[in-house]
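User: I want to learn how to read a structure like this one. Please take me through it feature by feature.

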Amino acid sequence: MNVLTLEQVKSLIEQPKSWSVSIYMPTIVAGAETRQNEIRFKNLIKEAQHQLQDNGLSEDDANEFLRPLTEAIDDVEFWQHQDQGLAMFVADGFYRYYKVPCDVPQLVVVSDQFHLKPLLPLLTGGGTFYLLELSQKQVRLFEGDRTRLREVQVSGLSRT
């Protein structure tokens with residue numbers, strides 16, 4: 001599994017300033033609906049092609065630039081093993097993808113550098129935290145980390 005690390009984010013930041021395509025998409029991880037991942041991805045590639053052409057690349061040059069992405073479309077093994085989100089980065093002679101354990105927006109950005117803002121929540125502390133919800137009608141305790149928040153059942157804790 002290709003999971004994003006802090007060192008990999010640094011390498012994305014340090015890429016030379018040139019045409020850079022960043023694609024983010026939420027993914028479906030199980031069930032018959034996983035086929036939607038490929039369809040959504042094809043649409044995002046088309047959006048990237050249009051943005052590259054709007055910025056002056058010819059259709060052939062845009063297609064060649066995005067070739068690493070179009071080759072991923074037919075990789076059945078790749079689509080079978082996803083996490084909650086997918087981040088893909090293409091520049092001249094550079095291609096990386098990362099499976100991310102949290103929801104990301106569906107987004108295509110063509111710029112002179114990679115768009116990394118959706119990844120920032122993954123770089124904050126990885127520790128556990130607790131959230132106590134107090135209201136006039138109930139008391140609940142939650143345990144969370146950077147990817148999930150789940151309710152904790154505490155014996156002896158009055159819910160009202």
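This is a predicted model: local features need pLDDT of at least 70, side-chain atom pairs count only at pLDDT 80 or more; totals for chains, interfaces and linings use all residues.

User: How many helices and strands does the chain have?

Analyst: Helices (H or I, at least four residues) and strands (E, at least two) are DSSP runs, numbered from the N terminus. Here there are 6 helices and 7 strands. Their order along the sequence is α-β-α-α-α-α-β-β-β-α-β-β-β.

User: What does the radius of gyration say about the chain?

Analyst: The radius is taken over C-alpha atoms, and the globule rule is 2.2 Å times the number of residues to the power 0.38. For 160 residues that rule gives 15 Å; the chain has 20 Å, well over it, so the chain is more spread out than a compact globule. The C-alpha trace spans about 65 × 35 × 30 Å along its principal axes.

User: How many Å should helix α2 span?

Analyst: The expected span is 1.5 Å times one less than the number of residues. Helix α2 (residues 35-54) has 20 residues and should span 28 Å; its end C-alpha atoms are 30 Å apart, which agrees. The buried residues of α2 include Phe41, Leu44, Ile45 and Leu52. Just after α2, Gly56 takes a positive phi of about 110°.

User: Now the rings. How many aromatic pairs are found?

Analyst: Rings of Phe, Tyr and Trp (its six-membered ring) pair if their centres lie within 6.5 Å; planes under 30 degrees apart count as stacked, over 60 as edge-to-face and the rest as tilted. The whole structure holds 5 aromatic pairs. One of them, Phe89 with Tyr98, is tilted, at 6.2 Å centre to centre and 55° between the planes. Phe89 also pairs with Phe114, edge-to-face, at 5.2 Å and 70°. That pair links distant parts of the chain, with Phe89 in strand β2 (residues 85-91) and Phe114 in the loop between β4 and α6, 25 residues apart. Phe89 is buried at 0% relative accessibility, Tyr98 is buried at 2%, and Phe114 is buried at 7%. Tyr24, Phe89, Phe94, Tyr98 and Phe114 form one aromatic cluster.

User: How many salt bridges are there?

Analyst: Side chains of opposite charge can pair when their charged atoms come close. The rule asks for a side-chain nitrogen of Lys or Arg within 4 Å of a carboxyl oxygen of Asp or Glu. The count is 4. Among them, Lys10 bridges to Glu7, with the closest N and O atoms 3.6 Å apart. Both sit in helix α1 (residues 6-13); they are 3 residues apart, so about one helical turn separates them. Arg67 and Glu64 meet at 2.6 Å, N to O.

User: Which strands hold Glu151 and Arg140?

Analyst: These two side chains form a salt bridge at 3.7 Å, N to O. Glu151 lies in strand β7 (residues 149-152) and Arg140 in strand β6 (residues 139-144), so the pair ties together parts that are 11 residues apart in sequence. Glu133, Arg140 and Glu151 are linked in a network of salt bridges.

User: Last, which residues make the nonpolar surface patch?

Analyst: Patches are made of residues with over 30% relative accessible area and no salt bridge: like charges are joined within 9 Å, nonpolar side chains (Val, Leu, Ile, Met, Phe, Trp, Tyr) within 5 Å. Areas come from the Shrake-Rupley method with a 1.4 Å probe; for residues, only the protein chains shown count as cover. Leu6, Leu120 and Leu123 make a patch of about 260 Å². Leu123 lies in helix α6 and is partly exposed at 34% relative accessibility.

Terms used. Residues are numbered from 1 along each chain as its sequence is written. Side-chain values use heavy atoms; hydrogens and water are left out. Buried means under 20% relative accessible area, exposed over 50%, partly exposed in between (1.4 Å probe, protein chains only).
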